[in-house]
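Student: Could you walk me through the charged pairs here?
Tutor: Happy to, let's look together.

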Amino acid sequence: MHGEYKVPGGKLVVVDLDERDGVLRDVRVAGDFFLEPDEAILAIDRALEGTPVSTDAAGIAARVEAALPEGTVMYGLTAEGIAVAVRRAVAQATDWTDYDWQLIREAPQSPELHMALDEVITAEVAAGRRPPTLRVWEWGAPAVIIGSFQSLRNEVDPEGAERHGITVVRRISGGGAMFVEPGNTITYSLSVPASLVSGLSFADSYAYLDDWVLEALGDMGIKAWYQPLNDIATEAGKIAGAAQKRVVGPDGGAGAVLHHVTMSYDIDADKMLEVLRIGREKLSDKGTASAKKRVDPLRRQTGLPRQAVIDRMVDSFRTRYGLTAGQVTADELARAEELAATKFGTPEWTARVP
């Protein structure tokens, strides 16, 4: 069995192993990391030999830590990263390059239709009828998107939303509210087979699915990092927020994962504060200033036009994993339009948590 895991902000860890009689055998750890002293790699292999297959990542990491020679120094490598690679090998996880990725990049759509397309496309991936898909959104109207479990009245000021012509929609994933305007926001979705994140904890799956965009931002001169649980940040502030939803496959199969990210290219912070309720910190001038500083736009950090930023992100993904141009099928669009009308565009769904 073979498992790979790129340590967030670090290097690739590769683990090859066999399973016999419920324990790990012939374990070999490798990768492009740096490790001193040399004999530490053999100590790691010995520590993993005979480990019960059922051992969780924390237990595996503890074995590794206990076996390291005194004074061991790791560069781009952690005991936790080794543990995740082991769990991915045992789970027979797939890798990004195992798939023929498809890109969907179409004309602007309404907020309700975007919510529906996420659900339909991810269900198609879960059913095996669609390849793993990167979908870049274009917004047809300004919107506030609240998380699946958020209270509508706690998150949105209805008078501010009406005054600024803001559509309020609820997505199927958890997380916090996002304020978006056409031309000021970059949003994309990854609809991937669940096997791509097999062996990863829920938190680790965020870092894993965000890693490619961190590298793409790095190519544009932006030093960004994953900030648990679901943010992408730089020294200047937050630039993006992610959310996920697991979708079960037909007959209870492994299914798929929806991972979508909204990035701030530019932002009207004053308008955002009139539409979103930022909580108690909005009650003071200091709190309002703090809320405004929470998001730092890509426009200022890159100096690039929005479309150029998106093009570079797509090109970065294509270079790393391959990417073929595709489109929403007629059947997918019809189902999404029905969902937009009967679910995502209805007061019952939007206010399901009042």
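Tutor: A salt bridge is a side-chain nitrogen of Lys or Arg within 4 Å of a carboxyl oxygen of Asp or Glu. Keep in mind that this is a predicted model.

Student: How far apart are the closest N and O atoms of Asp-266 and Arg-299?
Tutor: Asp-266 lies in the loop between β15 and α8, and Arg-299 in helix α10, so the pair ties together parts that are 33 residues apart in sequence. The two form a salt bridge, with their closest N and O atoms at 2.9 Å.

Student: Is Asp-266 buried, exposed or partly exposed?
Tutor: Buried would need a relative accessible area under 20%, and exposed one over 50%. Asp-266 has 23% relative accessibility, so the label is partly exposed.

Student: How many residues apart in sequence are the parts that Glu-332 and Arg-130 tie together?
Tutor: Glu-332 forms a salt bridge with Arg-130, the closest N and O atoms being 2.8 Å apart. Glu-332 belongs to helix α12 and Arg-130 to the loop between α4 and β7, so the parts they tie together are separated in sequence by 202 residues.

Student: And which helix holds Lys-271, the partner of Glu-181?
Tutor: The side chains of Glu-181 and Lys-271 meet in a salt bridge at 2.8 Å, N to O. Glu-181 sits in the loop between β10 and β11, while Lys-271 is in helix α8.

Student: How many salt bridges does a search of the whole structure find?
Tutor: Some residues are linked in a network, among them Lys-6, Asp-211 and Arg-320. For the whole structure, the search gives a total of 20.

Key: Residues numbered from 1 in each chain as written. Predicted model: local features only at pLDDT ≥ 70, side-chain atom pairs only at ≥ 80, totals over all residues. Heavy atoms only, no water. Helix = DSSP H or I, 4+ residues; strand = E, 2+ residues; numbered from the N terminus. Buried < 20%, exposed > 50% of the residue type's maximum accessible area, 1.4 Å probe, protein only.
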